[in-house]
Amino acid sequence: MAFLSYLISGLGLGSVYAIIALGYSMVYGIAKMLNFAHGDIIMAGAYAAFFAMTAAGMPLLAAALISMVICTLLGVTIERLAYKPLRQASSLSVLITAIGVSYFLQNASQLMFGSDTKIFPSVLSGSFSLFNGRLSVSYLSVLTIVICVVIMSVLTLFINKTKTGKAMRACSEDKGAAVLMGINVDAIISITFAIGSGLAAIAAILLCATYPSVYPTLGSMPGIRAFTAAVFGGIGSIPGAFLGGLMLGIIETLAKAYISTQLSDAIVFAVLIIVLLIRPTGLLGKKVSVKV
Amino acid sequence: MLKVENLVVRYGMIEAIKNISFEVRDGEIVTLIGANGAGKTTTMQTISGLLKPASGAVYLDGTDITKIPPHKIVTMGLAQVPEGRRVFAQQTVLENLELGAYYRKDKNGIAEDMKNVFELFPRLEERKTQLAGTLSGGEQQMLAMGRALMAKPKIMLMDEPSMGLSPLLVKEIFRIIEDINQRGTTVLLVEQNAKMALAVADRAYVLETGKITLEGTGAELAASEQVRKAYLGG
């Protein structure tokens, strides 16, 4: 029974990673860049929700909405100001810029909100029991898993069925050819950043509901783990981000429970290294074969 | 229809196109022939807006389009079949064709053009649910052409459509180019296969290291001593 309960909380944690990993993966798939500031957008989302709930006294859903709007605007603005001018630059310049943006956001929030940890209001506590009380499942885990599955399904439909989704896939394959179809590639990249950043806000709230402390570097570790999850599943692939996130959450939780809390990160990254040695493109990464 | 005036294009310090001028009139097939590195693809990419010229102008129906972003130029009636086909390998044939009509809103017109494309390329209809990456080279070329037609262009730019195809397929592709032209689309064709290109072209220009060195009707150039020596193998 203990195993089952770890598994469920692992799935919950993994769902949060999956939602964050989606942001990394979609941006990578379309803009071909690693947005290392993605974790800090989570931090911004957490602060936005925190102040909306405490200072403005808003209910959770309204705060979540505000947080999503702020993160979306922030993501699109960062892309416009920091990344767009580098469209023709080497990928190394873009990577360094992204790391710079990450530090900028962390320091800006420290300047604005202070470095002290703020306690996020308790939003969804409580649990229900199964098997005559032998297994206790928190509502939060269930909610997180459900939200993650819904996001994944909606996004998959969006990418495969809508015109914008098809344009996104075209941009991800060949931007030069996409432009010749009349697709505004800059607009598609903006939309991608908007979606990824909006998802980061949802992840921020789910994360703060589990670990209720808000501080300027809050997004770094979840960001790095979710990035790992995206690579693990195959970066650029939406189902890959989903699978990678869930696997990472489960491995981390089980490692903490059965092996060692201190070693859990080492174990997670060891698994990543092994997977990449066997499948360099990640679990669901595409091996592109094109006939010429 | 299309007029290129004193066009200069540079890659850094290198001048790839050195002040060229030419025009394509309504309903014509015009071809630019030249060796590898003569600047043919550079010229095409500058016309479709992917490259910005250092100086000079490109007029589409009288409007200078050198300052217009490439995705807008498509909506003005200029479509390009890029060198190397560049179909979206991970999408189906049908999705590729739909992307060709991306900017259009007229559902009926799109359906009509889809029918025309399938009439022109029956092979594409047979394979419409297949991923474009699994098509043969010739089929991919047909898809790239069909995709450009879906934009309902007034003028279609084709960059090396015969590249890498068997002689039989090359013939087929050129027959289709004539067919497309007869259905009312003006064509600007860039080719290394000078013989075939000159045979279908109303007029032709010879491009050598970024300069136009010769021009005339397709038949005139095919008969010219200079062209025969350099491009037609004697």
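Just after helix H1 of chain A, Lys32(A) takes a positive phi of about 55°, where helices are DSSP runs of H or I with at least four residues, numbered from the N terminus. This is a predicted model, in which local features need pLDDT of at least 70 and side-chain atom pairs count only at pLDDT 80 or more, while totals for chains, interfaces and linings use all residues. Residues are numbered from 1 along each chain as its sequence is written, and side-chain values use heavy atoms, with hydrogens and water left out.

**Helix H1 of chain A**
- Helix H1 covers residues 2-31 of chain A, and because 30 residues at 1.5 Å a residue should span 44 Å (1.5 Å times one less than the number of residues), the 43 Å between its end C-alpha atoms agrees.

**Extent of the interface**
- In chain A, 22 residues are in contact with 26 residues of chain B, contact meaning heavy atoms within 4.5 Å.
- The area buried between chain A and chain B is about 2200 Å², of which carbon and sulfur atoms give 58%; buried area is the accessible area (1.4 Å probe) that two parts lose on being put together, summed over both.
- Within chain A, the residues that lose the most area to chain B are Glu173(A), Leu180(A) and Met181(A), together 31% of what that side buries.

**Charged pairs and helices at the interface**
- Three salt bridges are counted between chain A and chain B, each a side-chain nitrogen of Lys or Arg within 4 Å of a carboxyl oxygen of Asp or Glu.
- Arg169(A) and Glu95(B) meet through their side chains in a salt bridge of 3.2 Å, N to O.
- Helix H6 (163-173) and helix H7 (175-180) of chain A each supply at least two residues of the side that touches chain B, and the largest share of that side, six residues, comes from H6(A).

Methods:
Chains lettered and ligands numbered in written order.
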